[in-house]
Amino acid sequence: YPLRWQVRAAIALLLLACYGLALTTFPLPPHGQPAFEETRNLVVHVNQHFLARFKLSGLLSVVPTTSLVLIGSILTNVLRTADRSDRWKLFALVLVGGCLVCVGFAWNAVLPFNKTVWTPSYTLLSAGLGAILLAGLYWLMDLHKWTWWAYPLLVYGSNALAAYVFPVLVKVM
């Protein structure tokens with residue numbers, strides 16, 4: 001059975017809190033002091049000294065991205081709720097999204113936004129902006145049926161190979 005949304009939210013918060021705590025308190029060589037700089041932080045240290053030899057650099061980002069997936073699963077459940085009105089769904093997505101953005105900005109004061117390291121502040125900002133975008137798309141496409149403009153996205157999203165290859169080609173070029 002799937003986990004209740006409260007359990008998923010608690011797990012996401014716990015993962016982000018532990019990850020943020022580790023980023024700000026774990027002592028790093030050579031001075032044995034915690035550091036969070038672009039080239040000197042826990043993620044860089046673990047990647048360079050432990051994971052690079054196994055070609056697993058970036059493995060620590062699984063922790064905050066798991067939180068992002070859990071938050072996303074909660075937000076999509078809002079849209080799948082049959083016993084709530086469309087107005088309630090929009091309000092819930094915008095409210096939760098706004099709260100996530102605010103908490104992300106508050107956390108940014110302690111641990112700055114950093115996509116490379118996937119700081120908790122960045123993860124919450126991304127989740128919040130994603131929730132607000134989801135609300136906007138729900139309002140536009142599902143409630144108002146303005147779908148004509150999204151046809152290229154439907155074609156692109158229906159072809160898994162194209163969806164995988166296109167971003168790689170853009171990056172290479």
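**Entry 1: the loop with Pro-30**

I began at Pro-30, which I found in the loop between helix 1 (5-25) and helix 2 (42-51). The peptide bond that joins Pro-29 and Pro-30 is cis, with omega at about 5°. I note here that I am working with a predicted model, and every value I write down is computed from it.

**Entry 2: the overall fold**

I then stepped back to the whole protein chain, where I counted seven helices and zero strands, so that pattern along the sequence reads α-α-α-α-α-α-α. When I looked up the extent, I saw that the C-alpha atoms fill a box of roughly 60 × 40 × 35 Å, taken along the principal axes. Of the 173 residues of the protein chain, 28% count as buried. For contacts with a separation of 6 or more, I noted that 51% are between residues 24 or more positions apart.

**Entry 3: surface and charge**

The protein chain exposes about 11600 Å², and I recorded that carbon and sulfur atoms supply 71% of this area. I also looked up the charged side chains, of which 12 are positive and 5 negative, with the centres of the two sets 7 Å apart.

**Entry 4: the nonpolar patch**

Which residues make the nonpolar surface patch of about 800 Å²? I listed Leu-133, Leu-137, Trp-139, Trp-146, Trp-148, Trp-149 and Leu-153. Helix 5 (residues 120-143) gives the most to this patch, with three residues. I followed up Trp-149, which is found in the loop between helix 5 and helix 6 (151-158). Trp-149 counts as partly exposed because its relative accessibility is 31%.

**Entry 5: two residues with positive phi**

Next I turned to Lys-55, where phi is near 55°, a positive value in a residue other than glycine. Lys-55 is found in the loop between helix 2 and helix 3 (62-80). Is Lys-55 buried or exposed? With a relative accessibility of 75%, Lys-55 counts as exposed.

I looked up Trp-118 as well, which has a positive phi of about 55° although it is not a glycine. Trp-118 lies in the loop between helix 4 and helix 5. Its relative accessible area is 15%, and since buried means under 20%, Trp-118 is therefore buried.

**Entry 6: Lys-89 and its contacts**

I placed Lys-89 in helix 4 (residues 86-108), and I noted that this lysine counts as buried because its relative accessibility is 8%. What does Lys-89 contact, leaving aside its neighbours within four places in sequence? I found Val-78, Leu-79, Thr-81, Arg-84 and Tyr-138 in contact with Lys-89. For one of these, Val-78, I also wrote down the spacing: Lys-89 and Val-78 are 11 residues apart in sequence, and their C-alpha atoms are 6.1 Å apart in space.

**Entry 7: Asn-108**

My last stop was Asn-108, which also has its place in helix 4. Asn-108 is partly exposed, with a relative accessible area of 23%. Not counting residues up to four places away in sequence, I found that Asn-108 touches Phe-113 and Ser-121. I also checked Tyr-122, which is 14 residues from Asn-108 along the chain, and the C-alpha atoms of the two are separated by 7.8 Å.

Terms used. Residues are numbered from 1 along each chain as its sequence is written. This is a predicted model: local features need pLDDT of at least 70, side-chain atom pairs count only at pLDDT 80 or more; totals for chains, interfaces and linings use all residues. Side-chain values use heavy atoms; hydrogens and water are left out. Helices (H or I, at least four residues) and strands (E, at least two) are DSSP runs, numbered from the N terminus. Buried means under 20% relative accessible area, exposed over 50%, partly exposed in between (1.4 Å probe, protein chains only). Contact means heavy atoms within 4.5 Å. Accessible areas come from the Shrake-Rupley method with a 1.4 Å probe; for residues, only the protein chains shown count as cover. Lys and Arg count as positive and Asp and Glu as negative; His and the chain ends are not counted. The place of a charge is taken as NZ of Lys, CZ of Arg, CG of Asp or CD of Glu. Patches are made of residues with over 30% relative accessible area and no salt bridge: like charges are joined within 9 Å, nonpolar side chains (Val, Leu, Ile, Met, Phe, Trp, Tyr) within 5 Å. A salt bridge is a side-chain nitrogen of Lys or Arg within 4 Å of a carboxyl oxygen of Asp or Glu.
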